[in-house]
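Hello,

Here is the structure I promised to pass on to you.

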Amino acid sequence: MEIRIKTKSLGSLVIKPISKAKAKDLIIKNHYSHKWNNAGFGLYNFGIFREGKELETQCLGVAVYGYMKNLNAKIFTHPSPDAIMLELNRMWIDDSLGKNAESLLIAHSLKAIKRLNKNVVAVQSFADGRLGCGTIYKASNFKYYGKHQTVFLRNKRTKEITHHQNLTNTTCRSIYVRENIAYLLGDFEHFKVDTYRYIFPLCKHFKFKNPEKPYPPYNKGEYPFEWVRDRAKIKERLKRFIDEL
């Protein structure tokens, strides 16, 4: 599926699917997080190219769509029992294209997903408050459904940032063990970030569990926070995991 667009400001562009491997490579190299979640990312990956320069090695941006973290979460209703909501997990655009390219890539990749999979009835994405409140989603006609605060931790030595779920989710024990040992050693500084939820319905029958809200005023930043946890319980679980190795 290939989409060709002629624009006044950006010239002639091509939007088309790219390989998961290439999408992962571009995100890890260029996205501000430099991270890729193997569990859910990369179900659909769309690249943007200049016309005539359409090899994967010439890709100038990518939108990565994948599954929600919790597929069984009952956060929307729809008449079809097969209905699913995907997430726009990551997006990166080369500076040479300009910001308008983001809206083009989102709009046309959403249309492509709707044609590729009729069971996808909506796509959600989360704006990271460190960068802003999600202006690009407003420009792309997503609906806004409120915000919550997310806890992150920054390694004082390496400056690497990790999500608090990496310290509480035992699904991946290697990550759990490494991150919690760092926590116990005092390697982290903690902070909270506003996380804004945006949803683009692909079907008129889709209904989210919470009401739509007015778009938020512009804001960005992070808030210092001390995440106090039960250290004895953490140590007990770490000892058990290590003994099971």
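Below are my notes on the aromatic side chains and on one of the pockets. Please keep in mind that this is a predicted model.

Let me start with the rings. The count comes to 13 aromatic pairs. In one of them, tyrosine 144 and tyrosine 198 have ring centres 5.2 Å apart and planes at 45°, so this pair is tilted. Tyrosine 144 belongs to strand β8 (residues 143-155) and tyrosine 198 to strand β10 (residues 188-201), so the pair ties together parts 54 residues apart in sequence. Tyrosine 144 counts as buried at 5% relative accessibility, and tyrosine 198 is buried too, at 1%.

Phenylalanine 152 and phenylalanine 191 make a stacked pair, with 5.9 Å from centre to centre and 20° between the planes. Here phenylalanine 152 sits in strand β8 and phenylalanine 191 in strand β10, 39 residues apart. Both of these phenylalanines are buried.

Tyr144 and Tyr198 also belong to one aromatic cluster, together with Tyr137, Phe142, Tyr196, Phe200 and Tyr215.

Two charged side chains lie over ring faces: lysine 192 over phenylalanine 225, at 4.3 Å from the ring centre, and arginine 229 over tryptophan 227, at 4.6 Å.

Now to the pocket. Strands β5 (76-77) and β6 (84-93) each supply at least two lining residues. By type, the lining divides into eight nonpolar, four polar and one charged.

How values were computed:
Residues are numbered from 1 along each chain as its sequence is written. This is a predicted model: local features need pLDDT of at least 70, side-chain atom pairs count only at pLDDT 80 or more; totals for chains, interfaces and linings use all residues. Side-chain values use heavy atoms; hydrogens and water are left out. Helices (H or I, at least four residues) and strands (E, at least two) are DSSP runs, numbered from the N terminus. Ala, Val, Leu, Ile, Met, Phe, Trp, Tyr, Cys and Pro count as nonpolar, Asp, Glu, Lys and Arg as charged, and the others, Gly among them, as polar. Rings of Phe, Tyr and Trp (its six-membered ring) pair if their centres lie within 6.5 Å; planes under 30 degrees apart count as stacked, over 60 as edge-to-face and the rest as tilted. Buried means under 20% relative accessible area, exposed over 50%, partly exposed in between (1.4 Å probe, protein chains only). A charge sits over a ring if NZ of Lys or CZ of Arg is within 6 Å of the ring centre and within 35 degrees of the ring normal.
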